[in-house]
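Trainee: I would like to go through the terms used for this model and check each against its cut-off. Please show me the structure.

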Amino acid sequence: MKQRRSQDAQDMATVTNVTEAKAYEEHALRELRTAGYRITMPRVQVIRALADTNTALSAYAIHEKIIGSGGKIDVVSVYRILATLQEVGLIHHIGVVDGYFPCRLPGSHGKRSEVVVCEPNLQVIEIELPQAIVDAVQEQAKKYGFTPTSVKVEVTSSTCPPSSKK
């Protein structure tokens, strides 16, 4: 009975991940159209490669994932598409691991990026900082003569949430 519950939980997680991935893909395609970009197969392939991940993927890892699933794309095209997706606010560039991760939280697109990276398995979780903290960071930057255009917070953790350990 316990084994069945465990399998049911895994099946539900897969369904949830598939649902989240599909929702992200549809959202990304809608945002690209709204921004005036054509929907091309290479763009769809990169979006799909990112849609179901819970880790930040490098451009080369995205390329390998696409090729591994039977797609055709070169690494230069992956980099160009990533630049477009980042410009539109559909992905985060995670500097601590030099990888890309989809923006899934409502309102996290564009000029704000707040994530926690689990160091042991590189899982990424988006978080929402209170606006007061974002405002404080921007005020500090202004105090020193900067004009902030975006806020990016990356927190690393030496432990991972129990559900993310493999």
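Mentor: Start with isoleucine 62. Setting aside neighbours within four places in sequence, isoleucine 62 is in contact with Val46, Ala49, Leu50, Leu57, Val78 and Leu82.

Trainee: What makes these pairs contacts?

Mentor: Heavy atoms of the two residues lie within 4.5 Å, which is what contact means. This is a predicted model, in which local features need pLDDT of at least 70 and side-chain atom pairs count only at pLDDT 80 or more, while totals for chains, interfaces and linings use all residues. Residues are numbered from 1 along each chain as its sequence is written, and side-chain values use heavy atoms, with hydrogens and water left out.

Trainee: What is the mean pLDDT of the protein chain?

Mentor: The mean is 85, and 84% of the residues reach 70 or more; pLDDT is the predictor's confidence in each residue, from 0 to 100. Residues 1-16 fall below 50, and beyond near neighbours in sequence that stretch has zero contacts in the model.

Trainee: Which residues have the most contacts inside the largest nonpolar core?

Mentor: Val46, Leu50, Ile62, Leu82 and Leu85 do, in a core of 23 residues. The term stands for a set of buried Ala, Val, Leu, Ile, Met, Phe, Trp, Tyr and Cys residues joined through side-chain atoms within 4.5 Å. Helices α1 (2-34), α2, α3 (59-68) and α4 (75-88) each supply at least two of the residues, and α2 gives the largest share, six. Apart from this core lies another, of six residues, including Ala56, Ile94, Val115 and Val124.

Trainee: Why does isoleucine 91 count as buried?

Mentor: Its relative accessibility is 5%, under the limit, so isoleucine 91 counts as buried. Isoleucine 91 lies in strand β1 (residues 91-94). Leaving aside neighbours within four places, its contacts include Tyr24, Leu50, Leu82, Leu85 and Cys103. Cysteine 103 is itself buried, at 1%.

Trainee: How do you know that cysteine 118 and cysteine 160 form a disulfide?

Mentor: The S to S distance is 1.4 Å, and a disulfide is a pair of cysteine sulfur atoms within 2.5 Å, so the pair qualifies. By this rule the count comes to one disulfide. The pair links distant parts of the chain, 42 residues apart: cysteine 118 is in strand β3 (residues 112-118) and cysteine 160 in the segment after β5 (151-157). Cysteine 118, at 4% relative accessibility, counts as buried, and so does cysteine 160, at 11%.

Trainee: Is serine 157 buried or exposed?

Mentor: Its relative accessible area is 19%, under the 20% limit, so serine 157 is buried. Serine 157 lies in strand β5 and touches Val116, Val117, Cys118, Glu119 and Pro120, not counting residues up to four places away.

Trainee: Where is leucine 122 found?

Mentor: Leucine 122 is in the loop between β3 and β4 (124-126). Its phi is near 65°, a positive value in a residue other than glycine. At 37% relative accessible area, leucine 122 is partly exposed.

Conventions:
Helices (H or I, at least four residues) and strands (E, at least two) are DSSP runs, numbered from the N terminus. Buried means under 20% relative accessible area, exposed over 50%, partly exposed in between (1.4 Å probe, protein chains only).
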